[in-house]
Amino acid sequence: MIREHNEPNRSDKTNSYRLIQITDPHIGSRPDYQLLGLDTGHTLDEVLSAIVSRQQAAQLLVATGDISANGAEASYRRFLQKMRRVQKPWYWLPGNHDLSSRMKQLAPQRCTEVVALGNWRLLLLDTSVENQICGGLSEAQLERLQLLLWETREHPVMIMMHHQPVQVGSKWIDGHMLRDGREQLLQMVSKAPQVKALVWGHVHQQFDNHEGRVGLHATPSTSVQFTPGSGPFAVDDEMPGYRWFDLYDDGSYKTGVERVEVSKYSVDFASSGY
């Protein structure tokens, strides 16, 4: 089923549609949960406040995984409660800390594989693999993706997922990237000219690059940030943030990252992992 959101913003160029991406909130079951000393519920609240005040023209929001810190039902209920302030359509997909079955059970209307945003089609992939940090796509998922790429061949396409399908240059987190199915995914994308961008979370840092015609984008977490270019695990001092995309009906797009100055921001920068 395709979820449609087709009321455009107007520009001199063509119709445009603003998409917001948030990722890796790592919400705990209890209000006092902390990740590396950081209150992730508080940082999500402040990022959402910034989105509500700054992004009134946005049509859609997608949360790209690690919604929960541990897959507990209470953590998802906390996230859903916080998201009530976002008076726009939104969807989520799972990351390695999530339980996709629980997400579907608690909010099936937030789970979908295709979203129509103007002329664009967003394909939302589940790269989570039970009991693994790295990601993967099964043969069945790859076959389904091939079909979806055929069905969306007349539209510009953005593929969104949790795990990075390419290395971002941080050795430790690149050891936990998309593994099974990665080469097949990239091969499919290379043969599908309608695919304009691959977008993910997981790495807790901004990343922008391209491979030929395809944009490659990772987005900062709404919680703890990881240091770009690090060898071993390292926590960065950048603030949490989110990403925006302006998608144009002609298949072009613009994107940027907005950081949010969070009050009461306290992180254990000496941590060697989590």
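Student: Which elements each supply at least two residues of the lining of the largest pocket?
Tutor: This is a predicted model. In it, β4 (90–93), α3 (100–106) and α4 (139–151) each supply at least two lining residues.

Student: Which of them gives the most?
Tutor: α4 does, with four residues.

Student: How many residues line that pocket, and which lie nearest its centre?
Tutor: The lining of the largest pocket has 17 residues, and Thr112, Glu113, Leu124, Leu125 and Asp126 lie nearest the centre. The space inside is about 360 Å³.

Student: How does the lining divide into nonpolar, polar and charged?
Tutor: For the largest pocket, ten residues are nonpolar, three polar and four charged.

Student: And the second largest pocket, what volume does that have?
Tutor: About 250 Å³. The second largest pocket is lined by 15 residues, and Asp98, Leu99, Val129, Glu130 and Asn131 are the closest to its centre. Its lining divides into three nonpolar, ten polar and two charged residues.

Student: Switching to α1. What does the helix reach from first C-alpha to last?
Tutor: Helix α1 (residues 40–54) reaches 21 Å over its 15 residues, close to the 21 Å expected at 1.5 Å a residue.

Student: What caps its N-terminal end?
Tutor: Asp39, with a side-chain oxygen 3.1 Å from the backbone nitrogen of Gly41.

Student: Which residues of α1 are buried?
Tutor: Thr40, Gly41, His42, Thr43, Leu44, Val47, Leu48, Ala50 and Ile51.

Student: What covers them?
Tutor: The cover over the buried residues of α1 includes β2 (16–22), β3 (60–64), α2 (73–82) and β13 (241–248).

Definitions and conventions:
Residues are numbered from 1 along each chain as its sequence is written. This is a predicted model: local features need pLDDT of at least 70, side-chain atom pairs count only at pLDDT 80 or more; totals for chains, interfaces and linings use all residues. Side-chain values use heavy atoms; hydrogens and water are left out. On a 1 Å grid over the protein atoms alone, a cavity is a set of points where a 1.4 Å probe fits but cannot get out, and a pocket is an open set with protein on both sides within 12 Å along at least five of seven lines; lining residues have an atom within 4 Å of a point. Grid points are joined across faces, edges and corners, and a volume is the space filled by probe spheres set on the points. Ala, Val, Leu, Ile, Met, Phe, Trp, Tyr, Cys and Pro count as nonpolar, Asp, Glu, Lys and Arg as charged, and the others, Gly among them, as polar. The expected span of a helix is 1.5 Å times one less than its number of residues. Buried means under 20% relative accessible area, exposed over 50%, partly exposed in between (1.4 Å probe, protein chains only). Contact means heavy atoms within 4.5 Å. A polar contact is a pair of N or O atoms within 3.5 Å; within protein, one must be able to donate a hydrogen and the other to accept it, and residues adjacent in sequence count only if both atoms are side-chain atoms.
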